[in-house]
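Hello! Here is the structure I promised to pass on to you. Have a look at it first, and then read my notes below.

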Amino acid sequence: MLFRSAGWRCHKFGAYVNPEFFKKQLKFDFFRVARFLWVLNTCIFISGFLGNWIWILDNISQFLVQQTLVSVFFFILFFTRSRPISLISGSIFLIGIFSIFFPLREKIDTNIKNSKTYTLMSFNVLSSNSHYSKLVEYVHEKEPDFLLLLEVNQNWNDAIEPLNKIYPSKLSSIRSDNFGIVFLSKIAFDHSQIISFSEYGVPSAIAYLNISNKKLIIIGTHTLPPTSRSYWIDRNNHLNYLQNFARKQGQPVIITGDLNVTPWSRIGSQLFMDTIRYNILDAIKNPTWPAVLYPFGISIDHILYSDSV
């Protein structure tokens, strides 16, 4: 007695597999998989432009640079195999490049060579991080004029105490969560304050300075991460408050910190296109999150500045 099927045979003495059948079934179709990935990337790219209204899609738009670069791969891959796919990929690349570089253009001050320069550094130290000495040593080596530290808890505040010798002016709000903040300056504050631009009470540090008889405001801030719709709304409101605050000031403003937004995303590009200047190339070359994926992450930690800085 003999039983047969397409892939195997069985009789009363035993069974064996027909290898040719399974070779055909398991044959890897590279271009079929590539087409699926192209459709996926295209859908993700298009959906990101709806990020003004849907928080998840706004998070997708944070990765616009990666989506644009992937479109180059598909353009080359399908150039001789599928002209429609290649043309659509090329269009995505051009739209992506335009979206990345057009909204935020750095204004170069031609008199900067004749001016005294100052340095500012901003670090999200990560509250759970215990490599305190590495940060202290790095700051001692670089000695920036201004230093912003985020996610500072009591352990971190104790660890950075040696820096008080370098920075006589200090503004801080120490917390047990991920939103403690410390701003240090070599230059004395005219005055300073801790305020909140967030409905959740997340603190921001504002320092008013007089540098060479010129007024300057430095704002250190840390927005909520947009991991839910309510946090997304709060982050957007936080950024709006920052923008409105900068517009109302009659003096130069610097905004620095962890803004949890990229400059090319739907929300980020709208908020900073008119008010704040930004070095877009630095954002692309120096992604800050997640640190473990460097250099393939996204830039969410920024130093933004008004025209007169």
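The side chains of R175 and D177 form a salt bridge, with N and O 2.7 Å apart. By salt bridge I mean a side-chain nitrogen of Lys or Arg within 4 Å of a carboxyl oxygen of Asp or Glu. R175 is partly exposed, at 24% relative accessible area, and D177 is partly exposed too, at 28%. For these labels, buried is under 20% relative accessible area, exposed is over 50%, and partly exposed lies in between (1.4 Å probe, protein chains only).

Before going on, please keep in mind that this is a predicted model, in which local features need pLDDT of at least 70 and side-chain atom pairs count only at pLDDT 80 or more, while totals for chains, interfaces and linings use all residues. Residues are numbered from 1 along each chain as its sequence is written, and side-chain values use heavy atoms, with hydrogens and water left out.

The structure has five salt bridges. Another one of them joins K215 and D190, at 3.3 Å from N to O. This pair ties together distant parts of the chain, 25 residues apart: K215 sits in strand β10, and D190 in the loop between β7 and β8 (191–196). K215 has 42% relative accessibility and is partly exposed; D190, at 44%, is partly exposed as well. There is also a bridge between K142 and E141, whose closest N and O atoms are 4.0 Å apart. Here K142 is partly exposed at 41%, whereas E141 is exposed at 59%.

Now for the whole chain. It holds ten helices and twelve strands, taken as DSSP runs (helices: H or I, at least four residues; strands: E, at least two) and numbered from the N terminus. Of the 309 residues, 43% are buried.

Next, the inside. A nonpolar core is a set of buried Ala, Val, Leu, Ile, Met, Phe, Trp, Tyr and Cys residues joined through side-chain atoms within 4.5 Å. The largest one has 17 residues, and F146, F183, F189, L209, I211, I218 and I254 have the most contacts inside it. At least two residues of this core come from each of β5 (146–150), β7 (181–185), β9 (203–211) and β10 (214–222). Strand β9 supplies the largest share, four residues. Leaving aside residues up to four places away in sequence, F189 touches S169, K170, L171, F183, A207, Y208 and L209. A second, separate core has 15 residues, including V125, V139, W156 and V182.

Finally, which residues line the second largest pocket? They are V65, Q66, L69, W264, A283, I284, P287, P295, F296, G297, I298 and S299. A pocket, on a 1 Å grid over the protein atoms alone, is an open set of points where a 1.4 Å probe fits, with protein on both sides within 12 Å along at least five of seven lines; lining residues have an atom within 4 Å of a point. The pocket holds about 160 Å³ of space, a volume being the space filled by probe spheres set on the points, which are joined across faces, edges and corners. Helices α4 (64–77) and α10 (280–285) each give at least two lining residues, and α4 gives the most, with three. The lining has nine nonpolar residues, three polar and no charged.

Happy exploring!

Note on methods
Ala, Val, Leu, Ile, Met, Phe, Trp, Tyr, Cys and Pro count as nonpolar, Asp, Glu, Lys and Arg as charged, and the others, Gly among them, as polar. Contact means heavy atoms within 4.5 Å.
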